[in-house]
Amino acid sequence: MSFEAILNTIDSFIWGPPLLILLSGTGLYLTLRLGFIQIIHLPRALAYLFKKDNVGKDKGDVSAFAALCTALAATIGTGNIVGVATAVQAGGPGAIFWMWLVALLGMATKYAECLLAVKYRVRDKNGFMAGGPMYYIERGLGIKWLAQLFAVFGILVAFFGIGTFPQVNAITQAMQDTFNIPVIITAVIITVLVALIILGGVKRIAIASSVIVPFMAILYVATSVVILVLNWGRVPDALGLIIHSAFDPQSAIGGALGFTVMKAIQSGVARGIFSNESGLGSAPIAAAAAQTKEPARQGLISMTGTFLDTIIVCTMTGIVLVLTGTWQNPNVAGAVATNLAFAQGLGTSVGATIVTIGLLFFAFTTILGWCYYGERCFVYLVGIRGIKLYRLTFIILVGAGSFLHLNLIWILADIVNGLMAFPNLIALIGLRKVVIEETKDYFARLKQDHHDRDEENDAIPQTANL
């Protein structure tokens, strides 16, 4: 049995029924107990994105919006362009439907984990906020070994999963296919740029993300909308195929293609989680740095990340792939399939150019975000003295990511992603009552006083020196 076959077996086991049930079950439970918070309070959450923080700068490292952009930098990446294409090609158009469902449930999960991140965050010896699953597992659940296990998995994801290999490989291949730039040249440039930014720490990462992410997301979505308008007559059929093949792929797209409902679910959930990271425990690490005193408020802001990432950006990619039919082309895969879909949708090669530029910036900011996530996990385990070693290792792996096989990269990324999710989901289940009580208290105060603690500028969050 080959190494890739062994990894495939491990991947199928990790992303089998237990994890799928745990992910969807946690999201469904939180959705019901929090009163469909991701639907009812989505307008409030989106409004918070444009509301200036009135909290003192000593209460966090970056603004709530910058914290969200850092999280979005890590989530809006190859999963939105390459991941959607691989999901549709592996599980059929029905995979997009299951992406939607896991995103809807994942918004409640993202709310809960980012609420806990602010509630249990602490200050490190350098005076920066430190938080995330490591801290709410240790300080909330009181299970330090599980917190350490999460941190180990977080470092593995940063080194070998979402953080490096898929992003760099996608950038270099897309630049070669679209602009005929040799892989080695792109790899060197990306590695140097990453090194220059990450050596500046979270504030430099947040600044870069706050500029790049909103601009590229708007450009990519606007281009997708133009394609949908130009091909409006095919949109209803594409949506119908997505929904039909989610439950009956053999009659929808033909049994000869080998698609099954289980494969559609597995592909949609795995790629959906890869893209929006709900339940993985990554976004809470960024949320913990936000300048806010309200855990629930940051939870609301953070859950919009899943909405923007999957419900908006991934949906655009998926519909364009289906209505153009490029997902059925066996000669293209990943970013190339999406490039071809956008070029056909616009009727010009400009479409492929926009996808490539979007992929370049999305993937680049994902590298930056995941460098920060992995670094926080590393600091939790060994302290601030090991930061330089971590960053050097990360930079080396970024340089190496261009030369690995695409299938191997995605399998390895899926495995470490799944491992990271387990301890975080256990913590969310164990701390569910804390989430529910914090939420009830927050909305009760809003209803009574029409403001929150961020607006009052009191109630300093609990901090401690590590």
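Predicted model: local features only at pLDDT ≥ 70, side-chain atom pairs only at ≥ 80, totals over all residues.
Helix H2 (17-33) and helix H7 (94-119) each contribute at least two residues to the lining of the largest cavity; helices here are DSSP runs of H or I with at least four residues, numbered from the N terminus. Residues are numbered from 1 along each chain as its sequence is written, and side-chain values use heavy atoms, without hydrogens and water.

A cavity is a set of points, on a 1 Å grid over the protein atoms alone, where a 1.4 Å probe fits but cannot get out, and lining residues have an atom within 4 Å of a point. Points are joined across faces, edges and corners, and the volume is the space filled by probe spheres set on them. Across the whole structure, the search finds five cavities of 30 Å³ or more.

The largest cavity holds about 60 Å³. H7 provides the largest share of its lining, four residues. Among the lining residues are Leu23, Ser24, Ile273 and Leu425. By class, this lining has five nonpolar, six polar and no charged residues, where Asp, Glu, Lys and Arg count as charged, Ala, Val, Leu, Ile, Met, Phe, Trp, Tyr, Cys and Pro as nonpolar, and the others, Gly among them, as polar.

I turn now to the second largest cavity, with a volume of about 40 Å³. Helix H5 (64-75) and helix H17 (295-324) each give two or more residues to its lining, and H5 gives the most, with four. Lys110 and Ser302 are included in that lining, which divides into four nonpolar, three polar and one charged.

Terms used. 1 Å grid on protein atoms, 1.4 Å probe; cavity = no way out; pocket = protein on both sides within 12 Å on 5 of 7 lines; lining within 4 Å.
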